[in-house]
Amino acid sequence: MTATCTNLDKPGYVCVKMDMGEEKEVVSLGTLSKKMDDFAKARDWEKYHSPRNLLLAMVGEVGELSEIFQWRGEVERGLPDWKEEDKVHLGEELSDVLLYLVRLSDVCGVELGKAALRKLELNAIKYPAPKQTDHCVGEHSSDNTKLTEDN
């Protein structure tokens with residue numbers, strides 16, 4: 001369900017009402033793609049945005065993202081023990097990876113959202129959820145479900 005968010009007058013943003021009545025801003029991949037394209041054009045960087053260069057830049061950003069986790073061991077979901085400044089830094093590095101990925105897909109002519117949904121459908125076929133019966137609801141089996149690097 002789409003609704004009007006309080007104090008939300010930014011083009012390209014959508015407000016979604018969540019189950020508990022809370023509002024959440026959602027930014028589309030199309031909006032990010034347009035903003036990245038405008039950003040590159042305004043700086044005359046399009047000549048540098050070849051698929052190869054964008055991929056290498058994204059890999060560099062993945063390295064920076066990895067450094068944040070490098071010596072922390074396993075961390076809890078939601079990062080409850082992290083300082084706020086560390087969470088902000090994480091958000092910046094995640095954003096760098098996302099923005100390069102969106103730019104790369106745009107330059108390559110791939111509709112990333114559609115490709116991602118298709119991949120999820122293929123994975124659902126390849127890795128079907130285990131059938132649940134009344135007596136085993138909530139139990140997880142670790143039978144022969146295996147992830148491969150083509151996920």
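This is a predicted model: local features need pLDDT of at least 70, side-chain atom pairs count only at pLDDT 80 or more; totals for chains, interfaces and linings use all residues.
1. Aspartate 44 and lysine 47 are joined by a salt bridge, with their closest N and O atoms 2.9 Å apart. The term salt bridge denotes a side-chain nitrogen of Lys or Arg within 4 Å of a carboxyl oxygen of Asp or Glu. At 47% relative accessibility aspartate 44 is partly exposed, whereas lysine 47, at 54%, is exposed. In these terms, buried means under 20% relative accessible area, exposed means over 50%, and partly exposed lies in between (1.4 Å probe, protein chains only).

2. Residues are numbered from 1 along each chain as its sequence is written, and side-chain values use heavy atoms, with hydrogens and water left out.

3. The count of salt bridges comes to seven. One of them joins the side chains of lysine 34 and aspartate 38 at 2.8 Å, N to O. Both residues lie in helix α1, four residues apart, about one turn of the helix. Helices here are DSSP runs (H or I, at least four residues), numbered from the N terminus. Lysine 34 is partly exposed at 49%, and aspartate 38 is partly exposed at 34%.

4. A further salt bridge is formed by the side chains of glutamate 111 and lysine 114, at 3.3 Å, N to O. Glutamate 111 is exposed at 52% relative accessibility, and lysine 114 is exposed at 58%.

5. When residues up to four places away in sequence are not counted, aspartate 37 touches Glu46 and Arg103; contact means heavy atoms within 4.5 Å. Aspartate 37 and valine 107 are 70 residues apart in sequence, and their C-alpha atoms are 9.2 Å apart in space.

6. Valine 107 is also a contact of histidine 49, together with Ala40, Leu54 and Arg103, leaving aside neighbours within four places in sequence. Histidine 49 belongs to the loop between α1 (29–42) and α2 (51–69). Is histidine 49 buried or exposed? Its relative accessible area is 15%, and it is therefore buried.

7. Glutamate 61 is in contact with Glu93, Asp96, Val97 and Tyr100, leaving aside its neighbours within four places in sequence.

8. Which residues make up the largest nonpolar core? There are nine: Leu54, Met58, Leu65, Ile68, Leu79, Trp82, Leu90, Val97 and Leu104. A nonpolar core is a set of buried Ala, Val, Leu, Ile, Met, Phe, Trp, Tyr and Cys residues joined through side-chain atoms within 4.5 Å. Helices α2 and α3 (84–108) each supply at least two residues of this core, and α2 gives the largest share, four residues. Leucine 90 touches Leu65, Ile68, Phe69, Leu79 and Trp82, not counting residues up to four places away in sequence.

9. The buried residues of α3 are Leu90, Glu93, Val97, Val102, Arg103, Leu104 and Ser105. Their cover includes α1, α2 and α4 (112–126). Just after α3, glycine 109 takes a positive phi of about 75°.

10. The structure holds two aromatic pairs. Rings of Phe, Tyr and Trp (its six-membered ring) pair if their centres lie within 6.5 Å; planes under 30 degrees apart count as stacked, over 60 as edge-to-face and the rest as tilted. Phenylalanine 39 and tryptophan 45 have ring centres 5.5 Å apart and planes at 70°, so this pair is edge-to-face. Phenylalanine 69 and tryptophan 82 form a tilted pair, 5.4 Å centre to centre with 50° between the planes. Phenylalanine 69 is partly exposed at 31%, whereas tryptophan 82 is buried at 10%.
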